[in-house]
Amino acid sequence: MHATPSLSQWPDLPPDVLREISGRLHDAGDFVRFHSVCKPWRDTAGTRMPNQSFLPWLLAPDKMFSIFLKLRCVFSRTSYRALPPFFSVSQRKWVASSQGTSIWYFAERPSPSLCDPLTGAVTLLLPPFPEDNGRCRWEKPPSGVVYGDGTFFLHSIFDQDDTTKFRVVLLRPGDVAWTVVERTFSSPDLKDFYLSYYHGKIIITVDGPVVTPEDEAGIGDVLAVPRPPTPRELDDYFYEQSYVLESRGELLCVSVYNNLDYPHASGGKASVPGLVQALSVCVHALEEDEAAPGKIHWVRKHGRSLADRVFFLGYPNSFAVEASRLSGDAVSGGCAYFVYDDLDARPNQPCYVFRYNLVDDRAKFMEQLPRGWDGDTFTWLIPQPSIAPIQEIIDRLEGQKWWKKKLPMAPTPRSNIYIEKPQPQCYNPYFRVCVHNLPCDVDRFQLRQFFSKHGKVSNAKVMCKRKSKMFKRIGFITIATVEEQADALASLNGLVFNGCILEVRLVRRWKGRRPSFVPSNQHSRDHLIHMGLSLLSAIGYLIR
């Protein structure tokens, strides 16, 4: 009798294998959990793959009297929260990096600086502003972007009387003082401003006619450009929102449109399936006008030319990521992710997250954000987790023991992010769905585990259907979700499971006539006919 060989334990795997596994993790939470299980995994933390990228998180808008920073990964449906220092709560004015890898809050006092939103530590001191003894008068709190070349771009837009003003402060690499740019637009038809810094120019994308009473467009470092025109195929759509970003040396404007017939086309009631059919997204690139040398205009880009990029649209910054860096079922190339607030049709409701496929021109409902996540100024942030060396972790644990506490030392700022426990959900009644286009090797346990991320699954089955000499797997799921049935179907349909795009359809119950039961001393008409025919056949048999 031979002894069964023991299975190899994870800690016993070679370091090269552990590094390879770690490099394939795109969820920051999974990455941290991976390195927190045992010492051999934590020892490999310093050898993170250089091209490794994590799935972005959403940062909730800053609200007055809110003491927590709220973050959420819509791909794993996990919420996080952090408690920043008290003194920084009332001063959060977001400044983000153009690549989406960092975010700070801008503090104007006692001197201009960028601070860590989690620890409150000053990350970078900035030169004083040139007016009012070092303080710049901001009628509205500024926000801004730090570009890859090190340019700081802070801006604020505000209304004054019958005009619209904006103030920009610019700090280029090598500058020792800020460059202040102010412009006034007197047109009452202006609705939205989108400011960006591109090739040494301040580009103003305006929703409306460009009228500058103080300076005409094109003079100096400021160029005012009307927003991209609505495509002809979207004549029945109205403009919602635009996002301006730079990708591969191009300045892109991503515009979101909504159908004029929404929600009337969906029965007059606002719903997620109606929004999926109503939303449309277009992308334009800023190019020189060949017909008018020296002028620039927006040119439509086809979705196929964007198939290798993923766009994350937010405020104050939007960015694009190479699709190859986020390979997997969670993210698809050629798509744009954005938050939509349907306040007109569904007031006092949390926002929705949508994914729009620019190649197929189709919208996909991702999820409805938890309660309290309302507003339209969400920021996408690519987390950059760092794992402390094992010796530092041991020193921290030893220092927490009361009998080993040493003399007080200068505190070191630490960033603590906590996973929020899911609040008790009120689930709707169970319903049954049919799942098509399943992977060939999936079983009912894997199917149940996959759909458990989206609700409570009570039953899961996988059946094989023979079609053209090939077995086609079809799944049946009984599930209960927090969303309404129509919204849940819109969320489940189109999910990617092991590279396969799932088709989820509702299984409707057969509404046939129930059999009628009669007392034992009475017989139905069909039963009497059956008895008569049986009696006639018996008589015929006897006559023969």
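Strand β16 (residues 250–259) is mostly covered, with nine of its 10 residues buried; buried denotes under 20% relative accessible area, exposed over 50%, and partly exposed the range in between, with a 1.4 Å probe and protein chains only. Helices (H or I, at least four residues) and strands (E, at least two) are DSSP runs numbered from the N terminus. The model is predicted: local features need pLDDT of at least 70, side-chain atom pairs count only at pLDDT 80 or more, and totals for chains, interfaces and linings use all residues. Residues are numbered from 1 along each chain as its sequence is written, and side-chain values use heavy atoms, with hydrogens and water left out.

**Strand pairing around β16**

Strand β15 (residues 237–247) pairs with β16 in the antiparallel sense over 10 bridges, where pairing requires at least two DSSP bridges between two strands. The two strands form a hairpin with two residues between them, and R248 in the turn has a positive phi of about 55°. β16 is also joined to strand β17 (residues 279–288) by seven bridges, again antiparallel. N258 in β16 stands opposite F238, and its bridge partner in β17 is L279.

**Aromatic pairs**

The whole structure holds 19 aromatic pairs. Rings of Phe, Tyr and Trp (its six-membered ring) pair if their centres lie within 6.5 Å; planes under 30 degrees apart count as stacked, over 60 as edge-to-face and the rest as tilted.

F129 lies in the loop between β7 (122–125) and β8 (143–146), and W178 in the loop between β10 (163–171) and β11 (179–185), so the pair ties together parts that are 49 residues apart in sequence. Both F129 and W178 are buried. Y340 belongs to strand β21 (residues 335–340) and F354 to strand β22 (residues 352–357), 14 residues apart; Y340 and F354 are likewise buried. One aromatic cluster is formed by F75, F312, F319, Y337 and W380.

**Helix α6**

In helix α6 (residues 444–451), the buried residues are L447, F450 and F451. They cover an arc of only 90° around the axis, which puts them on the same side of α6; the arc is that of the directions from the helix axis to the C-beta atoms. The face turned away from this buried side carries the exposed residues F445 and Q449. At the start of α6, a side-chain oxygen of D443 reaches to within 3.3 Å of the backbone nitrogen of F445.

T379 lies in strand β24 (residues 379–381) and is buried, with a relative accessible area of 2%. A polar atom of its side chain lies 2.4 Å from the backbone oxygen of Y315. Not counting residues up to four places away in sequence, T379 touches W57, L58, L59, I103, Y315 and P316, contact being heavy atoms within 4.5 Å. The peptide bond from Y315 to P316 is cis, with omega near 10°, and P316 is placed in the loop between β19 (309–312) and β20 (319–322).

**Positive phi in loops**

Most residues other than glycine have a negative phi. R77, in the loop between β2 (69–73) and β3 (78–82), has a positive phi near 55° and is partly exposed at 22% relative accessibility. D361 has a positive phi near 55°; its relative accessible area is 47%, hence partly exposed.

Definitions and conventions. A polar contact is a pair of N or O atoms within 3.5 Å; within protein, one must be able to donate a hydrogen and the other to accept it, and residues adjacent in sequence count only if both atoms are side-chain atoms.
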